[in-house]
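This report describes aromatic contacts, a surface patch and disulfide bonding in one protein model. The sequence and structure are shown first.

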Amino acid sequence: VLNVVEGEIQVTQGETLMIHAGTTVKFMGNYSFQVYGDLYVMGEEGNMVTFTSGEPMPSNGDWGGIYLYDNTYYEGSCDNYSSAIDCVNAGCSWTSDGGYCYGEGGMPVDGTIVVQYATIEYGQYGLYVNDTYDNNITISNNTIQHSSSYGIRTRYSGPIISGNTIKNNNNGMSLVYSNPIVTGNIIKDNIDYGIYGYGYDSTSGPMISENIIENNQEWGIYF
C-alpha cells in the first residue's frame with residue numbers, strides 16, 4: 001500500500017491511527033508526521049512499514065520526521081462528579097461554595113505508541129519523542145537511517161528503545177532530560193555521535209545496555 005503525503009499529518013488527542021505491515025508512506029516535501037494521539041505502526045519481520053522521501057533522488061532531510069508528543073487524554077465529563085475530591089482528581093474545578101463540578105477535564109488516560117519493524121529514512125529526524133513521560137511508548141526493531149539531524153531524539157521522555165538499527169544519520173541518538181531504556185540496538189556509521197545526552201544527575205538517567213555502538217565518527221557515547 002503506497003501513501004503519498006503532500007502536507008502535514010497529525011493524529012489528534014484521543015484518536016488512534018494504525019499503520020499495517022507493508023505500507024509505504026512517501027513525503028513529497030518538508031512535511032512532518034505529528035502524533036498527539038495513539039499510534040500503532042505494526043510492521044512485521046520481512047514486511048516492514050516504510051516512511052521515506054518522495055524525491056526521485058532522496059537525500060538526508062527531505063522531510064520533517066515523526067514527532068511524538070504527550071498523548072494523555074481525559075475521558076468523561078466534569079458534570080459526572082459529585083464530590084470535590086473526584087472532581088479535582090479528574091482535572092476539573094469545584095465551585096468555592098461546594099455546589100458543583102465544572103470544566104473540560106475528566107479521568108486522565110495515558111496514551112500508547114508502538115513503532116515496530118519500520119524503516120524511517122531521509123527525514124530531518126527519524127523519531128522525535130517530546131514530553132511523553134506519562135505515555136507508553138515502544139520503539140523496536142526499526143531501521144532508522146539517513147536523517148540530517150538525529151535518528152532518535154528524546155526530550156523529557158522515557159520510551160523503550162530496543163532492537164533498532166540506527167545508522168548513517170548525522171547523529172544516532174540524543175537523550176535530553178530523559179530516562180529511556182535503550183537496549184539491544186545497533187548504532188553505527190553516524191557522522192557525529194552514536195549516543196549523546198545531557199541533563200542528568202546521580203539519581204536519574206537512561207538505562208543503556210547490550211547495544212553495539214561502532215564506527216561513529218566523533219564519539220560512541222557522550223554525556
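Rings of Phe, Tyr and Trp (its six-membered ring) are paired if their centres lie within 6.5 Å; planes under 30 degrees apart are stacked, those over 60 are edge-to-face and the rest are tilted. By this rule the count is 17 aromatic pairs. The model is predicted, and local features need pLDDT of at least 70, side-chain atom pairs count only at pLDDT 80 or more, and totals for chains, interfaces and linings use all residues. Residues are numbered from 1 along each chain as its sequence is written, and side-chain values use heavy atoms, with hydrogens and water left out.

A pair of aromatic rings is described by the distance of the centres and the angle of the planes.

| Pair | Centre distance | Plane angle | Class |
|---|---|---|---|
| Y67 and Y125 | 5.9 Å | 75 degrees | edge-to-face |
| Y67 and Y128 | 5.6 Å | 20 degrees | stacked |

Helices (H or I, at least four residues) and strands (E, at least two) are DSSP runs, numbered from the N terminus. Y67 belongs to strand 8 (residues 65-69), while Y125 is in the loop between strand 14 (118-121) and strand 15 (127-130); this pair links distant parts of the chain, 58 residues apart. Because Y128 lies in strand 15, its pair with Y67 ties together parts that are 61 residues apart in sequence.

Residues are called buried under 20% relative accessible area, exposed over 50% and partly exposed in between (1.4 Å probe, protein chains only). Y67 and Y125 are both buried; the relative accessibility of Y67 is 15%. Y128 is also buried, at 14%.

**Cluster and surface patch**

One aromatic cluster is formed by Y156, Y177, Y193, Y196, Y198, W219 and Y222. Y198 is located in strand 24 (residues 193-198) and is partly exposed, with a relative accessible area of 37%.

**Disulfide**

A disulfide is a pair of cysteine sulfur atoms within 2.5 Å. The whole structure contains one disulfide, which joins C87 to C101 with an S to S distance of 2.2 Å. The torsion about its S-S bond is about 85 degrees, so the disulfide is right-handed. Since C87 lies in helix 1 (residues 84-89) and C101 in strand 11 (residues 101-102), the pair ties together parts that are 14 residues apart in sequence. C87 is buried, with a relative accessible area of 0%, and C101 is buried at 5%.
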